[in-house]
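Colleague: Could we go through the charged pairs and a helix contact in this model? I would like to begin with the terms.

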Amino acid sequence: MKNYLYTIVIIVLVIIAYNFPEYLIEVGGIKLTLLIIPVLQIIMFGMGTTITIDDFLGILRTPKLVLIGLFLQFMIMPVWGYGLTQVFDFPPEIAAGMILIGSSPSGLASNVMSLLAKANIALSITLTIFATMLAPVITPTLMQWLAGEFIDIDFWGMMWSMCKIVILPVALGFLLNRFVPNQIQAIKKVLPLFSMAGIAYVITVVTAAGQASLAAVGALLFVAVVLHNLGGYAFGYGAAKLFRLNKRDARTISLEVGMQNGGLASALAVEMGKVATVGLAATIFGPLMNVTGSMLASWWGREDNQKDL
């Protein structure tokens, strides 16, 4: 149960936020959604402190694997998300949110799941880093292409938002880790805990802000997000096998494709001023992918353990 404790805590917080949103929208005259972006910037800074030069050299060691992984990640989930919006016929801003979570890069959770699944950890970390760094260009492009029929997309505005939310904090974390590693050791110890608390905060606040919209389309949106997430795993694995990748690499790409950075998608929804609608799919996706990802990774891991006996 320890593997699911964090997810259980988030589910409890979501239930509280859904039933008592009035206490989690504004405190002391300050809208809690305003803190989502600085919280995510600190999380991205923490990610930057874990990156080394060797991580960037990963693409030179396995360029084919990295390019295949990035292509599948930024192709499958956005297109699959768009297809689901056509089937479910959501209101425009809810539909745009489905595409937004699909167009976001993977997050650190996929690296943990790759470890549990006995997949290719180095490939997982490399894909997460490069997907995150490329996202400021690719995510706005995908949103303009696929979500432009639902809402107006400010390409350059979204690109700048992603740069200040992702690129600048990651770069700062990387540089400090590279040149003054001893000075940030104490910070690095608490950043993982802050990241966990930060993601819980983002999910809770977005749930409260979007409670009315969730009440209107919650059940259908939940079904669509489940299909989006599970389809990512299945299509990612299947496509990797079509490229004749081995089992470990296919598992890695499956998890990278199926697990997205819900916190980043929520922050972008805040920047767009549509967190209560565009941000809802990401709010459901985050806790859900941790449950499904843990189950899938544990199953793969047990499968290998049994073969080793």
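Modeller: A salt bridge here is a side-chain nitrogen of Lys or Arg within 4 Å of a carboxyl oxygen of Asp or Glu. Please note that this is a predicted model.

Colleague: How many salt bridges does the structure hold?

Modeller: The structure holds 2 salt bridges. In one of them, the side chains of K274 and E93 meet, at 3.0 Å from N to O.

Colleague: Where do K274 and E93 sit in the chain?

Modeller: K274 is in the loop between α12 (262-271) and α13 (280-308), while E93 belongs to helix α5 (residues 92-103). The pair links distant parts of the chain, 181 residues apart.

Colleague: And which residue pairs with E271?

Modeller: E271 forms a salt bridge with K164, and their closest N and O atoms are 3.1 Å apart. Because E271 lies in helix α12 and K164 in helix α8 (residues 155-179), this pair ties together parts that are 107 residues apart in sequence.

Colleague: What is the relative accessible area of E271?

Modeller: E271 has 31%, so it counts as partly exposed. K164 is also partly exposed, at 25% relative accessibility.

Colleague: Changing topic: at what angle do the axes of α10 and α11 cross?

Modeller: The axes of helix α10 (residues 211-242) and helix α11 (residues 247-258) cross at roughly 145 degrees and come within 7 Å. The crossing is right-handed.

Colleague: Which residues make that contact?

Modeller: Among them are G232, Y233 and G236 of α10, and A250, I253 and L255 of α11. By class, the contact has 7 nonpolar, 5 polar and 3 charged residues.

Terms used
Residues numbered from 1 in each chain as written. Predicted model: local features only at pLDDT ≥ 70, side-chain atom pairs only at ≥ 80, totals over all residues. Heavy atoms only, no water. Helix = DSSP H or I, 4+ residues; strand = E, 2+ residues; numbered from the N terminus. Buried < 20%, exposed > 50% of the residue type's maximum accessible area, 1.4 Å probe, protein only. Axes fitted to C-alpha atoms, helices over the stretch in contact; angles between N-to-C directions. Left-handed = near helix turned anticlockwise from the far one by under 90°. Contact = heavy atoms within 4.5 Å. Nonpolar A, V, L, I, M, F, W, Y, C, P; charged D, E, K, R; others polar.
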